Amino acid sequence: KGVAKAVKLFGTSPFSEVVGKELTPPVLGGGGIRENIKKNAVPYHHSTGTCASCLDDRLCFRGIAGLRVADASSLPFHPRAPTNASSMAVGARCASFIAAKYKM
């Protein structure tokens, strides 16, 4: 019931002006919600991408001077492997940006 309410809510103004169309086939009607959840839900336990759209190409958080994000939240998508290696690579890349900035 919650998914159906959310889909309906995002179809109304003002959400409909900023939220694009559903990426999966429409789920309302015909009992498609349960099947859609079973098909598309994944049990990821590590949040990724929560800051990706707020960062520039040097991992600086837009609008907050001096703040960089160097963890899985900076990844634009969830990798198909555990997030540890990806997070370590992001951290190393961020360290190289900082070292270059301060000529270390």
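I count a contact when heavy atoms lie within 4.5 Å. On that basis I looked up Leu-55, leaving out residues up to four places away in sequence, and found that Leu-55 touches Cys-60, Phe-61, Arg-62, Val-69 and Ser-74.

The model is predicted, with local features needing pLDDT of at least 70 and side-chain atom pairs counting only at pLDDT 80 or more, while totals for chains, interfaces and linings use all residues. Residues are numbered from 1 along each chain as its sequence is written, and side-chain values use heavy atoms, with hydrogens and water left out.

Next I looked up the largest nonpolar core, which has nine residues: Cys-51, Leu-55, Leu-59, Val-69, Ala-72, Leu-75, Val-90, Cys-94 and Phe-97. Such a core is a set of buried Ala, Val, Leu, Ile, Met, Phe, Trp, Tyr and Cys residues joined through side-chain atoms within 4.5 Å. Buried means under 20% relative accessible area, exposed over 50%, and partly exposed in between (1.4 Å probe, protein chains only).

Why does Cys-51 count as buried? Its relative accessible area is 17%. I located Cys-51 in the loop between helix H3 (32-40) and helix H4 (83-101); helices are DSSP runs of H or I with at least four residues, numbered from the N terminus. Cys-51 touches Phe-61, Val-69 and Ser-73, again not counting residues up to four places away in sequence. Cys-51 and Ala-72 are 21 residues apart in sequence, and I noted 8.9 Å between their C-alpha atoms.

Last, I checked Phe-10, which is found in helix H1 and is partly exposed, with a relative accessible area of 38%.

Technical notes
Helix = DSSP H or I, 4+ residues; strand = E, 2+ residues; numbered from the N terminus.
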